[in-house]
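Please look over the notes below with the model open beside you.

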Amino acid sequence: MPHLTANRLDAVLRPRPGERVLEVGPGTGLQSLHVAPQLGPDGRLDVLDIQPEMLDHVMRRAERHGVVNITPTRGDARELPFPDRTFDAMYLVTALGEVPEPERVLAEAVRVLTPGGRLVVGEFSGRHWIPFGTLHRLADDSGLHLAAHHGSTLAYLARFRPRAAAA
């Protein structure tokens, strides 16, 4: 994923010590193992996936690397099992296009983000890719305001904020 590097994710996500962050669709944990340590001992990275095998894989890798602030949750991104205003940030890297009804995921992001929270979506051209124009329209319809965009329409990272917080 040449355009979705760890440094580029850091620049768009801006993880900070003490934050609580949600990663949806962590895959093998590539981003999880990079982001979680940046949250420090008082921060927490929640990883959510519908497939328990993926969560098990992430947690085994975290244990091998000594990363202790990751909490796995099995669930559907269209109905996040978290209270309103739980997360300072949420991110999905090459995951949103794999979820049916991505607009529901975006609406859930608005619900679970704290005031001033941020949502980062990373995509690149492939089988489950969501073109940037489509994402921008879906996000706007869900009450999200585009705050930053890096890359091209074929490979990008975009940061959104709930519209009320962006005003």
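Helices (H or I, at least four residues) and strands (E, at least two) are DSSP runs, numbered from the N terminus. This is a predicted model, in which local features need pLDDT of at least 70 and side-chain atom pairs count only at pLDDT 80 or more, while totals for chains, interfaces and linings use all residues. Residues are numbered from 1 along each chain as its sequence is written, and side-chain values use heavy atoms, with hydrogens and water left out.

1. Helix H3 and its end. H3 covers residues 52-65, which makes 14 residues. From first C-alpha to last, H3 reaches 20 Å. That is close to the expected 20 Å, the expected span being 1.5 Å times one less than the number of residues. Just after H3, Gly66 takes a positive phi of about 75 degrees.

2. Which residues of H3 are buried? They are Leu55, Val58, Arg61 and Ala62. Buried means under 20% relative accessible area, exposed over 50%, and partly exposed in between (1.4 Å probe, protein chains only). Seen down the axis of H3, the buried residues fall within an arc of 130 degrees, so they line one face. The arc is that of the directions from the helix axis to the C-beta atoms. An α-helix has 3.6 residues a turn, so residues three or four places apart point the same way. The face turned away from the buried side carries exposed Glu63 and Arg64.

3. What covers H3. The cover over its buried residues includes helix H2 (30-35), strand S2 (44-49) and S3. Contact here means heavy atoms within 4.5 Å.

4. Thr73. This residue is found in strand S3. Thr73 is buried, at a relative accessible area of 18%. Leaving out residues up to four places away in sequence, Thr73 touches Val47, Leu48, Asp49, Leu55, Pro81 and Phe82. Leu55 is also among the buried residues of H3.

5. The sheet. It is an open sheet of 7 strands, in the order S3-S2-S1-S4-S5-S7-S6, with mixed pairing. Two strands pair if DSSP finds at least two bridges between them. Strands S3 (70-74) and S6 (144-151) stand at the edges. Each has a single partner strand, so one side of each is left without a neighbour in the sheet. Neighbouring strands are turned by 20 degrees against each other on average, direction ignored.

6. S5 (residues 113-124) and S7 pair in the antiparallel sense over 6 bridges. Glu123 has Tyr156 in S7 as its bridge partner. Helix H4 (residues 102-112) lies across S4 (87-93), S5 and S6, at about 150 degrees to S5. H5 lies across S5, S6 and S7, at about 10 degrees to S7. Axes are lines fitted to C-alpha atoms, for helices over the stretch in contact, and angles run from 0 to 180 degrees between N-to-C directions.

7. Aromatic pairs. How many does a search of the whole structure find? It finds 2. Phe82 and Phe87 have ring centres 5.0 Å apart and planes at 85 degrees, so they are edge-to-face. Rings of Phe, Tyr and Trp (its six-membered ring) pair if their centres lie within 6.5 Å; planes under 30 degrees apart count as stacked, over 60 as edge-to-face and the rest as tilted. Phe82 is buried at 10%, and Phe87 is buried at 0%. Phe132 and Tyr156 have ring centres 5.3 Å apart and planes at 75 degrees, so this pair is edge-to-face. It links distant parts of the chain, 24 residues apart: Phe132 in H5 (residues 132-141) and Tyr156 in S7 (residues 155-162). Both Phe132 and Tyr156 are buried.
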